[in-house]
Amino acid sequence: MLLCAAAAQASPRVISLDQCADQYVLALSPRETIVGLSYRADDADSHLRALAKGLPQRRITTESIMAARPSLAVRYWGGDARLEAALATHGVKVVKIEDATDFDGVRANVRTVAAALGQPARGESIVADMDRRLAASKDAWKGQPGLYLTPSGYTAGQGTFIDRILAAAGVRNAAPQAGFAPVRLEDVVLGPRRGFVLGFFDRLSAAFERWGMGRHRALQKRLPERTMASLPASVLSCPAWFAAEGVEALARAAPR
């Protein structure tokens, strides 16, 4: 009890401004110092949604945030420059999660947020667990080609965090271009033989994907035999340490 009280006393009153920031705050801050989460903290694609239960959710406005009396706000995309400036005038420090495109960027983000929350040991524990998963998954697919695919027909090439997830499990990214881009159904179905690494297919019922490529019968016929792994939205929706769980799942699916 004394240790818990000391940890809480050392940590600032914190609020997170978007779903990605929710994950960092839930993982790194003592629960009793969390004064607000975003309205997406307990959505199905929130990795730590179970931890969000019972904690207050706030609208991302100056008035709503200040009513919670935080001393620190964590954000990835939530809010804008005007909100950040308004919070600064009220003495609220804002810590930004950078858009990591590799696991080094994730390590830096975890350590930055952990330091701001006065919880460096928690941060190092999370980084160590991530690195353990990555080490155990290294080269599992031994360079076999794989195409990342979402239900809406997008893929991810070099320069993306998805590319690093594939590489961490030993999958050679078969995307024809850098960055995120749509692919044609014909190229996916009739193109060179390769496996598929599916992303967000657990959210196939989402309205914006109702008429997407993921529902096409020609693709659905090929998925059972060609799918290397299907990664849930909850490990892909934020550039964070739990992407290593996706790497681990992909590695476990590799042929032995």
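The largest pocket takes up about 490 Å³, a volume being the space filled by probe spheres set on grid points joined across faces, edges and corners. A pocket here is an open set of points on a 1 Å grid over the protein atoms alone, where a 1.4 Å probe fits, with protein on both sides within 12 Å along at least five of seven lines; lining residues have an atom within 4 Å of a point. This is a predicted model, in which local features need pLDDT of at least 70, side-chain atom pairs count only at pLDDT 80 or more, and totals for chains, interfaces and linings use all residues. Residues are numbered from 1 along each chain as its sequence is written, and side-chain values use heavy atoms, leaving out hydrogens and water.

Among the 26 residues lining the pocket, Phe180, Phe200, Leu236, Ser237 and Cys238 sit closest to its centre. Two or more lining residues come from each of α2 (19-28), β6 (154-156), α8 (161-168) and α11 (233-236), with helices (H or I, at least four residues) and strands (E, at least two) taken as DSSP runs numbered from the N terminus. Helix α8 gives the largest share, three residues. By type, the lining splits into 16 nonpolar, seven polar and three charged residues (Ala, Val, Leu, Ile, Met, Phe, Trp, Tyr, Cys and Pro count as nonpolar, Asp, Glu, Lys and Arg as charged, and the others, Gly among them, as polar).

Helix α8 also pairs up with helix α12 (residues 243-252): their axes come within 8 Å and cross at roughly 40°, which makes α8 oblique to α12. Axes are lines fitted to C-alpha atoms over the stretch in contact, and angles run from 0 to 180 degrees between N-to-C directions. Angles under 35 degrees count as roughly parallel, over 145 as roughly antiparallel, 65 to 115 as roughly perpendicular and the rest as oblique. In contact (heavy atoms within 4.5 Å) are Phe161, Ile165, Leu166 and Ala168 of α8 and Ala243, Val247 and Leu250 of α12. That makes seven nonpolar residues, no polar and no charged.

Helices α6 (residues 103-116) and α7 (residues 120-137) also have axes within 8 Å, crossing at roughly 160°, and are therefore roughly antiparallel. Their contact has nine nonpolar, one polar and four charged residues.
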